[in-house]
Amino acid sequence: MTTRLDRITQQRLERLERIRSSGINPYPHRYHRTHTTQQAVALLKQQEESGQEMAQSVNVAGRITAIRKMGKASFFDLRDGTGKIQLLFRDIDKFGESQLQLFKDLDIGDFIGAEGDLLRTKTGEPTVSVAKFTLLAKSLQPLPEKWHGLSDVDTRFRQRYLDLISNPEVKKSFEIRSRIIAAIRQFLNQRGFIEVETPVLQPSAGGALAQPFITHYHALDHDFYLRIALELYLKRLIVGGFDKVYELCRTFRNEGVSTKHNPEFTMLESYEAYADYNDVMKMLEQMVSGVSRQVLGTDKVEFAGTVINFEPPWQRFDLREAIKKYSGIDFEKYLDADSLRAEMLKLNIEADPKKDRGRLLDELISTFVEPNLIQPTFLVDYPIEMSPLAKTKPGNDRIVERFEAFAGGMELANAFTELNDPVEQRKRFVQQHKERKPAEEVGEVIDEDFLLAMEYGMPPTGGLGVGIDRLVMLLTNKQSIREVILFPQLKEKP
């Protein structure tokens, strides 16, 4: 059965063939555009303010997003990457037979170039009075819902190009994302950090507790892993003499998909020699507040109906006290996984028998503590089981100098005073490896090259990891991570 969409596509194919048969190339190689639509509107305003009587002529180009025919005059809306301007076609019969037929074969969605004088209509609309036009690309598919907006969520994410065409505010969000990332780079560069690149494919999955994606390196005949973290390679650079390094890149974890998680995400990791987690805390709150002010003009932003104030200093909350307050469990009374699991079950809290003590504590944080941390908050001082790469606090060998930053009820960043004792680091890796369940050991091996690098000596170092996608969510008031990733992972359609 032929659908309405099939009929529209067939009509457009017929128009395309008619255009070709008239000797016009419907997909020319280039077009000389003198002004963007934004520049043309600005030029018109300048012309009006100066009292200039002679109209300015411009060449603009973009996609037709609306067509309104009113007797002998027709009005088109033309949109490019900077904005929108109206085109006025007056007395189209005078354009000549070739241009007249081409005009009749234009559809919403086509790209055209238009040359003509700038004017403002009686309704106040900035307009180009078209003297000449050129077809630049024929659209064979109609725009969604006649340009009234694309609302189907699955279609929006699966066909992001339609989302960008139909919903200008979506494009604006991604422009803000780009400016956020540029501002982060500027902040770090000004502080003396050097941006570096480390391997995406790694012989072992290290630097975090996460399930990796596995691939096979044919040239080396060996399985490799898409990186789950940047830490172990960036620390090698601290050993090698770089005092301040950072990397902004895609990271991969073969785990769940939710409004806060995407298997492929953007991560910032930075390492600074001679610093500890207190220094990193100050840097993070300065960076986030500074980036927000630079990009948005304020460090107070609305997220999910609440105004979040990123102005430093952020509140600090001891992890033990936070878990005790929100779950009722004092984890210092339960020093192994079995006793902690038993206490969780007593309180009707789900406790996976496969999880070790560190992961059970992480479950308590994500379930009970995290949703309550709306204003920017540092949770500080974590059990050693949760942080095998962090230094212990002086006087307490069960607690490490680690913080996680939260805002809007979700984790934003993670940081350590980095462990730089190679003997202790090996002991912790071995212990962690023993405690992990067999089903969790995919890709997990002790990175001997990293340990060898540590034996050459690494200075005291403060390390930081920031989830860029979540930061963008907070600064653009988006409650789903898919709204800030151009092409999020989706299940294949059946």
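**Ground rules.** I am reading a predicted model, where local features need pLDDT of at least 70, side-chain atom pairs count only at pLDDT 80 or more, and totals for chains, interfaces and linings use all residues. Residues are numbered from 1 along each chain as its sequence is written, and side-chain values use heavy atoms, leaving out hydrogens and water.

**Overview.** I looked up burial and found that 49% of the 494 residues in the protein chain are buried. The C-alpha trace spans about 90 × 60 × 50 Å along its principal axes.

**Salt bridges.** I took a salt bridge as a side-chain nitrogen of Lys or Arg within 4 Å of a carboxyl oxygen of Asp or Glu. By this rule I have 41 salt bridges.

**Arg-293 and Asp-299.** This pair forms a salt bridge, with the closest N and O atoms 3.1 Å apart. Arg-293 is partly exposed at 43% relative accessibility, whereas Asp-299 is buried at 7%.

**Glu-321 and Lys-324.** I found both in helix α9 (residues 319-327), three residues apart, about one turn of the helix; helices here are DSSP runs of H or I, at least four residues, numbered from the N terminus. Glu-321 is partly exposed at 37%, and Lys-324 is partly exposed at 33%.

**Arg-402 and Glu-404.** Their salt bridge puts the closest N and O atoms 3.2 Å apart, and I noted that both residues are buried. I also noted one network, in which salt bridges that share partners join Arg-15, Asp-107, Asp-110 and Lys-138.

Technical notes: Buried means under 20% relative accessible area, exposed over 50%, partly exposed in between (1.4 Å probe, protein chains only). Helices (H or I, at least four residues) and strands (E, at least two) are DSSP runs, numbered from the N terminus.
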